[in-house]
Amino acid sequence: MTNPATEPLKRTPLHALHLELGGKMTPFAGYHMALSYQGRGIIAEHNHTRQKASLFDVSHMGQARLRGDEAASVLETLVGADIQGLAAGKMRYTLLTNEAGGIIDDLIVTRMDDCLFLVVNAARKEADFAHISAHLKDRATELEVIGNRALLAIQGPMAAGVLAAHAPRAANLAFMSAAWMEVAGVHCLVSRSGYTGEDGFEISTPESQAERLARILLENSDGDLELAGLGARDSLRLEAGFCLYGADIDEATTPVEAALAWTVPKRRRIEGGFPGAAIINDQIANGVARKRVGIRPLGRAPARAHTEIRNKNGDPIGEITSGGFGPTLGGPLAMGYVKTEFAKKETPVDLIVRGKAHPAEVAAMPFVAHRYVK
Amino acid sequence: MTAIKYTNEHEWVRVEGEVCTVGVTDYAQQQLGDVVFVELPETGKRMNKGALAGTVESVKAASEIYAPVSGEISETNGALDDDPALVNSAAEGGGWFFKMTIAEPAQLDALMDRDAYDAYVAGL
């Protein structure tokens with residue numbers, strides 16, 4: 001384990017570009033990351049993403065390959081998704097679980113011709129890779145951690161147009177699929193995916209080429225593509241109803257509590273064979289005591305993580321796990337866990353912000369409709 | 001006579017006779033980022049210098065507002081209810097938070113003038 005207090009912050013390959021373009025840098029998961037950019041700000045960056053397209057540096061995330069003839073069945077011993085049934089070039093959101101059914105991390109698995117390609121959370125990558133490696137002992141499957149590739153996300157309705165100018169094949173990619181292709185002459189793994197609820201792409205590129213590639217994409221977009229920071233990434237994912245690991249999900253929450261049981265398909269429920277499968281199956285069959293839900297404050301005050309949720313009788317029923325302001329929604333929004341009997345949408349609740357009860361209601365997610373390509 | 005004083009918490013205090021108007025500086029609004037909500041004290045509330053007077057919420061985080069002197073809240077800026085972004089666009093003007101009486105004028109002496117505040121910010 002590294003100690004975040006003493007470990008020097010790492011830099012992504014786009015560090016100099018962030019500084020040049022006015023990045024307000026902040027420590028995040030052991031990295032210097034841009035929270036937003038001078039003269040623009042989180043709301044402007046958020047809105048630009050929904051209206052045009054934004055470039056996010058997500059190079060801090062962990063990338064790895066799992067190699068071997070049995071890689072898919074071996075990975076299925078660690079996650080609840082159908083990996084063996086994943087067609088070449090297709091990708092899937094899944095969860096690494098522990099023996100108690102808790103979530104070690106959420107990740108994206110892509111089936112390539114020669115490997116399974118994994119993208120995991122920055123703050124969890126060391127733990128994830130150690131956990132996966134420990135399970136590979138005495139197996140002919142190998143985990144190759146990729147330390148020399150950057151990851152750029154282009155998100156928004158104009159993402160396809162912006163990227164296609166440098167990688168014509170990108171426009172033909174289906175949602176949640178990936179392929180190797182040249183982007184402005186650089187060999188990249190391009191997937192049609194993201195974490196904003198918008199159409200978009202993630203581009204895994206050699207770190208030596210990342211800054212040049214980012215500049216080419218930005219400079220030739222006629223202003224359609226702009227950099228956006230972690231602040232906008234957070235408000236976008238919140239509006240899209242997506243979990244932030246460490247806030248909304250962790251090792252003490254199960255996929256069923258987190259409303260992520262959909263990531264475990266029928267075959268995996270029946271066959272089991274992944275950590276915590278029996279507990280997760282039992283929870284699917286018999287229910288759970290608490291559930292992750294969307295919460296909409298009815299006033300204007302945002303409710304942040306750890307805000308207490310009470311029912312209308314004043315009894316504590318749960319806690320906000322992440323919350324803030326949704327620029328597209330035009331108001332505050334949050335997600336959190338409530339006792340299951342209060343998880344129905346439109347259930348009235350109170351949020352205790354600075355000692356005062358603020359009325360809110362349980363809301364359907366996503367807060368802002370996803371706009372993926374069909 | 002009008003004088004504008006500044007606090008270490010990046011508030012400006014415009015003194016007009018026995019009443020002062022309080023807001024945050026342009027430096028503070030830049031640090032806060034996009035303001036989406038401001039919680040203000042109730043009119044008539046008496047506060048001691050340094051007491052929690054309100055909260056400014058940006059997209060990312062909440063920050064506290066303190067009473068720069070002791071006194072009674074005489075007026076709050078209702079325009080911030082509908083347009084909290086005034087704190088960003090007009091921090092040292094239309095984005096003011098509240099007005100309060102000055103119970104102990106001597107407390108003003110401990111606040112900074114503009115030159116001292118600019119030097120303070122430059123040293124951060």
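Predicted model: local features only at pLDDT ≥ 70, side-chain atom pairs only at ≥ 80, totals over all residues.

Q: Is helix α7 of chain A largely enclosed or left open?
A: Start with the terms: helices (H or I, at least four residues) and strands (E, at least two) are DSSP runs, numbered from the N terminus. A residue is buried if 20 or more other C-beta atoms lie within 10 Å of its own, exposed if 12 or fewer, and partly exposed in between, with C-beta atoms placed from the backbone. Here 9 of the 10 residues of α7 (residues 230-239) of chain A are buried, so the helix is largely enclosed by the rest of the structure. Among the buried ones are Leu230(A), Arg233(A) and Glu239(A). The cover includes β1 (23-28), α2 (42-51) and β16 (316-326) of chain A.

Q: How many residues does each chain give to the contact?
A: Two residues are in contact if their C-beta atoms, placed from the backbone, lie within 7 Å. Chain A gives 13 residues and chain B gives 10. On the chain A side, α2, α7 and β16 each supply two or more.

Q: How do strands pair up?
A: Strands of a sheet pair through backbone hydrogen bonds, either parallel or antiparallel. For counting, two strands pair if DSSP finds at least two bridges between them. In chain A, β10 (residues 178-183) and β11 (residues 186-191) run antiparallel, joined by 6 bridges, and Trp180(A) sits opposite Leu189(A). Their hairpin has 2 residues between the strands, and Ala184(A) takes a positive phi near 50° there. β11(A) also pairs with β12 (residues 200-206) of chain A, antiparallel over 3 bridges, with Val190(A) opposite Ile203(A).

Q: Which strands stand at the edges of the sheet in chain B?
A: That open sheet has 6 strands in the order β1-β2-β3-β9-β8-β5, with antiparallel pairing. β1 (2-6) and β5 (46-47) of chain B are at the edges with a single partner strand each, so one side of each is left without a neighbour in the sheet. Further in, 6 bridges join β2(B) to β3(B), and Arg14(B) has Thr21(B) as its bridge partner.

How values were computed. Residues numbered from 1 in each chain as written. Chains lettered and ligands numbered in written order.
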